[in-house]
Amino acid sequence: MEDYEEVTDVFNGVKVWWASGKIPPQSQSISWFPGSEEKRYYKLTFHKHDREIITKSYVEHVLKKGKEIAVKNRQRMLYTNNPSKDWHGWKPTKWGNIVFEHPSTFDTLALDTAKKEEIKKDLIKFSKGKDYYAKIGKAWKRGYLLYGPPGTGKSSMIAAMANLLDYDVYDLELTTIKDNSELRMLLIETKGKSIIVIEDIDCSLDLTGQRKKRKEKDDDEADKEKDPISKKKKEAEEESGSKVTLSGLLNVIDGIWSACGGERIIIFTTNYVDKLDPALIRRGRMDKHIEMSYCCFEAFKVLARNYLDIESHELFGKIEELFVEAKMSPADVADSLMPKSDEQDEETCLKRLVEALEASKEEARKKSEEEALLKTKDGVVTEG
Ligand SMILES: Nc1ncnc2c1ncn2[C@@H]1O[C@H](COP(=O)(O)OP(=O)(O)OP(=O)(O)O)[C@@H](O)[C@H]1O
């Protein structure tokens with residue numbers, strides 16, 4: 001309401017009158033904060049015989065609606081954890097934050113429609129589950145594991161989830177956390193109505209190997225030197241000096257953090273789901289596993305609508321055929337579909353995609369031929 005504005009409202013058939021006003025500052029001194037002493041107020045007027053309904057229900061209703069509107073209008077934040085050397089000083093700096101404005105939504109996400117609906121329903125059920133979680137005696141949290149090759153939309157999915165639920169996002173970078181107690185301090189500081197994301201969990205730390213037996217570990221060392229992911233992991237670990245362990249992470253997820261308030265979603269992403277320790281991703285911890293896979297024709301149609309504003313085209317038939325064998329990530333499909341200049345029309349972009357799909361199909365064919373050849377060779381060697 002503007003200053004000195006008057007409005008009427010009707011609640012369960014009862015009419016009330018609201019007026020806004022303000023009390024000017026008492027002192028005339030110059031303040032660093034202009035308007036800080038000015039007091040705004042609202043005056044509510046109603047008939048005497050409606051007193052009971054107003055004091056018992058209406059005021060409560062107004063406060064509840066007010067809170068809902070405030071949540072809807074609030075700016076959502078993207079938090080990232082600062083290295084612990086920056087945690088001290090005149091203001092708390094464990095988490096740095098910027099306004100979260102990622103445009104991805106479930107409408108713009110290229111994904112099988114049934115899968116999309118299932119995920120949306122799951123999220124909405126969770127967000128409305130306060131009483132249910134209290135009734136069954138479980139912490140109000142839910143874990144998701146998003147896995148799939150690079151560029152299949154894992155980050156876009158997280159943004160779409162945050163936008164659907166109006167949650168903040170905490171992007172937790174494990175490699176800059178010194179040890180388990182720092183991890184605990186960070187997670188305790190997160191607020192409700194938030195999504196905590198640990199991206200590329202397989203690369204963050206050597207979380208996967210912690211539970212292996214010593215001997216098995218030693219045997220693995222030689223292989224690790226050859227494997228690029230293990231090598232990257234080892235380098236990250238050595239560089240950061242982080243001592244966060246798998247058991248530390250699990251303790252925080254299951255333990256103290258669960259007990260201190262609710263409505264948190266935790267998401268792990270990985271490109272290599274097979275490499276994760278089963279303890280990390282078992283149901284109960286990661287309640288829902290979502291595979292983000294290569295683009296299919298249905299997902300392509302969403303991208304064509306987003307990028308070119310088209311629902312159909314004569315090239316769609318050919319593109320549908322090519323998607324049966326070609327393996328392209330939605331990110332690569334999106335790149336082909338995006339006009340690179342004003343002269344490029346939908347035809348040019350679709351033709352570019354057809355070429356890319358044909359190249360990918362050819363690559364897939366060669367690969368399977370090579371694999372078949374290797375299998376035959378193996379057979380000959382065994383027989384010999
Ligand atoms: N399923 C999708 N729907 C819509 N856009 C997508 C999808 N997948 C990828 N994209 C597009 O490709 C870009 C990269 O995707 P994104 O970062 O979400 O992939 P990712 O799976 O998180 O990749 P990485 O594993 O490399 O982190 C996005 O900015 C988006 O424009």
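Helices (H or I, at least four residues) and strands (E, at least two) are taken here as DSSP runs, numbered from the N terminus. The structure is a predicted model, in which local features need pLDDT of at least 70 and side-chain atom pairs count only at pLDDT 80 or more, while totals for chains, interfaces and linings use all residues. Residues are numbered from 1 along each chain as its sequence is written.

The chain holds 15 helices and ten strands. Of its 384 residues, 23% count as buried, where a residue is buried if 20 or more other C-beta atoms lie within 10 Å of its own, exposed if 12 or fewer, and partly exposed in between, with C-beta atoms placed from the backbone. Among contacts between residues at least 6 apart in sequence, 75% join residues at least 24 apart; two residues are in contact if their C-beta atoms, placed from the backbone, lie within 7 Å.

Leaving aside its neighbours within four places in sequence, Ala19 is in contact with Glu6 and Lys43, and the C-alpha atoms of Ala19 and Lys43 are 5.1 Å apart although 24 residues separate the two in sequence. Ala19 counts as partly exposed because it has 14 C-beta neighbours inside 10 Å.

The ligand can be followed next. Its shell comprises 16 residues, of which Ala110, Pro150, Gly153, Pro330 and Ala331 come nearest; a residue is near a molecule or strand if its C-beta atom, placed from the backbone, lies within 6 Å of it. The elements that give two or more residues to this shell are α4 (154–165) and α14. By class, the shell has eight nonpolar, seven polar and one charged residues, with Ala, Val, Leu, Ile, Met, Phe, Trp, Tyr, Cys and Pro counted as nonpolar, Asp, Glu, Lys and Arg as charged, and the others, Gly among them, as polar. Because domain 2 (77–291) and domain 3 (297–383) both give residues to the shell, the ligand lies between them; the domain bounds come from an automatic or database domain assignment.

Helix α14 (residues 330–337) also packs against helix α12 (residues 297–308), their axes coming within 10 Å and crossing at roughly 35°. Such axes are lines fitted to C-alpha atoms, for helices over the stretch in contact, and angles run from 0 to 180 degrees between N-to-C directions. The crossing of α12 and α14 is right-handed, a crossing being left-handed if the near helix is turned anticlockwise from the far one by less than a right angle, and right-handed if clockwise. On the α12 side, Ala299, Phe300, Leu303, Ala304, Tyr307 and Leu308 meet Pro330, Val333, Ala334 and Leu337 of α14. This contact of α12 with α14 has ten nonpolar, no polar and no charged residues.

Two aspartates deserve a look at their backbone. Asp309, in the loop between α12 and α13 (316–325), has a positive phi of about 60° although it is not a glycine, and Asp309 counts as exposed because it has 8 C-beta neighbours inside 10 Å.

Finally, Leu373 is found in helix α15 (residues 346–383), where Leu373 counts as exposed because it has 10 C-beta neighbours inside 10 Å.
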